[in-house]
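Hi,

Here's the structure I said I'd pass on.

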Amino acid sequence: MPAGSRDALAALPSADLRTLLLGVARDRAGAVRPAQVLRRWREDRFVRPSAADPRALSRVEGRIWSLLPPDVAGVELSPVAPLGTCAAVAPVRQHRIVSAVRGTEVVSDPTNALAVEAAARRGRADEVHLAATHRVLRAQDFGPGASAHFRLACSAGRPGSGRSTSAARHGPGRDRQRPARRHGPSDAR
C-alpha cells in the first residue's frame, strides 16, 4: 500500500469510507465463483457449521429461559453491534472482533450488547432485568476442534447498586459458567 494510504483512509468520513469499502466488497464478491465458495466453506473456521447438536442446544436454552424470574425480559439481539462496542464496554481489542463494513462488528459477546440495551432502557424504567441467548463469532483461534462460533446465554440488570452481566457458554466441552462484572456504557468514560 502506498505511503500515507492508511492515514488517508482512516481520515475519511464514516459514510465515505463505508461507500468505498462496500464498493470493494461488491467488486470482490462479483468475482467469486461457486467452487471458491465451497472451498472457503470447507477451510474457513468462521463459516463452517458448528459440531453442536441444535436439538441439545435448544433444550438447554429452553431450560435456561424456564429458570429465569418472570420480571426478566427476553431480548433477541441483532447479530451485529455498533463498531467499537466491545472495545468501549469491555477491555477487548478490536483485532479479536470480526469487524464489518457498515460501521458494525459481529457480536462476539452478547453481554456487551445487552449492557447497551439495558442502558438504553434505564431511562424508561426504574429497574431493568434482561436476558438473551445468542450465537457469537470470535476472531481468536480456540484450538483444534473448537468452533469460532457458539451460543452464549447472558443476563443484564441492576441487582442492588451495581450493574452486572453474566454469561454461560454452551457447545462441545464448553458447558461452564463464566461470571463477569461489567460496567454499562454510561460508565465508560
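Serine 108 is buried, at 2% relative accessibility (buried is under 20% relative accessible area, exposed is over 50% and partly exposed is in between, with a 1.4 Å probe and protein chains only). You'll find serine 108 in the loop between strand E3 (104–106) and helix H6 (110–122); helices (H or I, at least four residues) and strands (E, at least two) are DSSP runs, numbered from the N terminus. Leaving out residues up to four places away in sequence, serine 108 touches Cys86, Ile97, Val136, Leu137, Arg138 and Leu152, where contact means heavy atoms within 4.5 Å.

Before you go further: this is a predicted model, with local features needing pLDDT of at least 70 and side-chain atom pairs counting only at pLDDT 80 or more, while totals for chains, interfaces and linings use all residues. Residues are numbered from 1 along each chain as its sequence is written, and side-chain values use heavy atoms, with hydrogens and water left out.

Next, strand E4 (residues 129–137). Seven of its nine residues are buried, so the rest of the structure largely encloses E4. What does E4 pair with? On the parallel side there is strand E1 (residues 73–74), joined to E4 by two bridges, with glycine 74 opposite alanine 131. Strand E5 (residues 149–157) runs antiparallel to E4 and is joined to it by nine bridges; here threonine 133 faces alanine 153. Pairing takes at least two DSSP bridges between the strands.

E5 also holds histidine 149, which is buried at 12% relative accessible area. A polar atom of the histidine 149 side chain lies 2.6 Å from the backbone oxygen of arginine 48. Beyond its neighbours within four places in sequence, histidine 149 is in contact with residues including Arg45, Phe46, Pro49, Ser50 and Arg135.

Leucine 21 sits 6.3 Å from valine 101, C-alpha to C-alpha, although the two are 80 residues apart in sequence.

Finally, leucine 20 belongs to a nonpolar surface patch with Met1, Leu9, Leu12 and Val24, with about 450 Å² of accessible area together (areas from Shrake-Rupley with a 1.4 Å probe, only the protein chains shown counting as cover for residues).

Cheers

Key:
Patches are made of residues with over 30% relative accessible area and no salt bridge: like charges are joined within 9 Å, nonpolar side chains (Val, Leu, Ile, Met, Phe, Trp, Tyr) within 5 Å. A salt bridge is a side-chain nitrogen of Lys or Arg within 4 Å of a carboxyl oxygen of Asp or Glu. A polar contact is a pair of N or O atoms within 3.5 Å; within protein, one must be able to donate a hydrogen and the other to accept it, and residues adjacent in sequence count only if both atoms are side-chain atoms.
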